[in-house]
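Hello,

Here is the structure I promised to pass on. Could you open it first and then read my notes alongside?

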Amino acid sequence: MGKGKVYLVGAGPGDSELITVKGMEALKRADVILYDRLVNPKLLHFAPANCELIYCGKLPTRHFMRQEEINHVLVDKALEGLTVVRLKGGDPSIFGRVGEEAEALANAHIPYEIVPGITSGIAAPLYAGIPVTHRDYAGSFAMVTAHDKSKNGKPDIDWEGLARGVQTIAFYMGISNLEHICENLIKHGKSADTPVIIIRWGTWSRQESVVGTLSTISEKVRSANIINPAITLVGDIVASREKLKWFEKKPLFGKQILSVSGCVDEAGLANNIEAQGADVIEFPKWKTSERYLEVKIMNNLENYKRILFTTTASVSYFFSLLRKHQIDIREIRASLYCKDIATIQVLEERGLFAKMENEMTKEGKLLLVGSKEKADPLWMLEYKYGEYDYADVYQSIIDERYIPVIKRAIEDASITSILFSSKDAVQLFMKEAEKCGLSNLLEDEHVELLCVTNEAKEAAKNYGLKAKILDYFEVTYPHNGATAIATTSL
């Protein structure tokens, strides 16, 4: 077996859309992903179905994997012939220890690529409304670590050069050394009135900022109980914030939502909410796989007068199976129907046109296409449709790889709402919540329970939960592009 290859990829600062196209393509073909704590877990959703996910995050008081161990895993997995992605927050070369990892790979003669990312020292200020350079304020910018290898952990840098020679300075993870930073900048020439902003969780909806000066910021940070991860930005450019801030004006800024889906088709719900500024953790992560087409269905395809596709996934898997069995699509003589607009749109992308289920006639042989495990009970289907055949073309299960990912994401967040997309979502959450460590969210009086449909609200009520219905909501699925959300309930 030949050697594999390692991609050292910058994931960006938090907003999942800030990863580069090259970084995303590496994720999509990875056999193994080693990811950090500050990586948005949504990026892991793009990993292939059999990709191994390895957490190697670091907390101030605890490391899940030491750097030496990470280096060994990168080498060992590549020697197995695998494609390995080391997914690092921000840019891997900005205080990301990518040099040590690349050196370990080079010493083992492992091929690798380094994929740059957007660093938080630039992105967090921009999301707070502050460009790090500006013709009227700053023509120079520096990124500085607030920790180093010294015994006391205080940054040992050229304070005088920094204070007198740089107009905007970004300190990374500088909360614990904030007083030391401010004292040295003042001591070496910066005015005590120089504006300072602390930006915690930059580019996330949980982003919070504290503004002060070199003489006041330490006390303000203590009062606000701000801790890492945070960027400290020093310079007159901070004054531009009030005029230029944009991210915090999004309608759902500050909302941290656990979006619960009852099936794979409902997972697109999160895209709408994120576009309006919320942080969204999706539960669960669904995994789908192809099943089969029964011989009697394949042999009688031209005899069906009506075909009802129950989900968008049913369309994809049905036509995949036709292709696998070399069945010409022109054998389909039936009128096509769907349960929702999204499924109609998926068919239209294939050049096929369908109507909604409520427009379906009752004449002719009927074929239902979907997943039997997600279908209504047999008696209900028979009552509703009479005689029919069922093409059970796919199955969907919870992807257990993502359970610890979701748990850690919730630990770092402060959930404000749980959003149920359907009655199935409510039932699934009540069944799986305890196993996944989510039950405590139902006991938190600060967590609001919201439902997209009246059926979901009734299901919640049956479990003794007090839930509200969204005033207005429009679902957009990933393949159809972004759509605005309009609701006053979130």
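Let me begin with helix α6, whose buried residues are L178, I181, C182, N184 and L185. Buried here means under 20% relative accessible area, exposed means over 50%, and partly exposed lies in between (1.4 Å probe, protein chains only). Helices (H or I, at least four residues) and strands (E, at least two) are DSSP runs, numbered from the N terminus. This is a predicted model, in which local features need pLDDT of at least 70 and side-chain atom pairs count only at pLDDT 80 or more, while totals for chains, interfaces and linings use all residues. Residues are numbered from 1 along each chain as its sequence is written, and side-chain values use heavy atoms, with hydrogens and water left out.

Back to α6: its buried residues pack against α5 (159–165), β9 (168–172), β10, α7 and β12, where contact means heavy atoms within 4.5 Å. After α6 comes G189, with a positive phi near 125°.

Helix α7 (residues 217–224) buries I217, S218 and V221. Viewed down the axis of α7, these buried residues fall within an arc of 100°, so they line one face of the helix; the arc is that of the directions from the helix axis to the C-beta atoms. Their cover includes α6 (178–187), β10 (195–200) and β11 (208–213).

Two residues deserve a look for their backbone. Most residues other than glycine have a negative phi, and most peptide bonds are trans. T203, which is not a glycine, has a positive phi of about 75°; T203 sits in the loop between β10 and β11 and is buried, with a relative accessible area of 3%. N225 lies in the loop between α7 and β12 and is exposed, with a relative accessible area of 62%.

There are cis peptide bonds to check as well. The bond from N228 to P229 is cis, with omega near 5°, and P229 is in the loop between α7 and β12 (230–234). The bond from F283 to P284 is also cis, with omega near -10°; P284 belongs to the loop between β14 (279–283) and β15 (286–290).

On to the sheet that includes β14: five strands form an open sheet in the order β14-β13-β22-β23-β24, with parallel pairing. Two strands pair if DSSP finds at least two bridges between them. β14 and β24 (468–469) are the edge strands, each pairing on one side only. Strands β13 (residues 256–260) and β22 (residues 417–420) run parallel and are joined by four bridges; S259 has L419 in β22 as its bridge partner.

Two helices lie across strands of this sheet. α14 (residues 403–412) lies across β13 and β14, at about 150° to β14, and α15 (residues 423–432) lies across β13, β14 and β22, at about 125° to β22. Axes are lines fitted to C-alpha atoms, for helices over the stretch in contact, and angles run from 0 to 180 degrees between N-to-C directions.

Lastly, a helix pair. α11 (residues 312–324) and α12 (residues 341–349) pack at an angle of about 30°, with axes 8 Å apart. That makes α11 roughly parallel to α12 (angles under 35 degrees count as roughly parallel, over 145 as roughly antiparallel, 65 to 115 as roughly perpendicular and the rest as oblique). T312, V315 and F319 in α11 meet A342, T343, V346 and L347 in α12.

Best wishes
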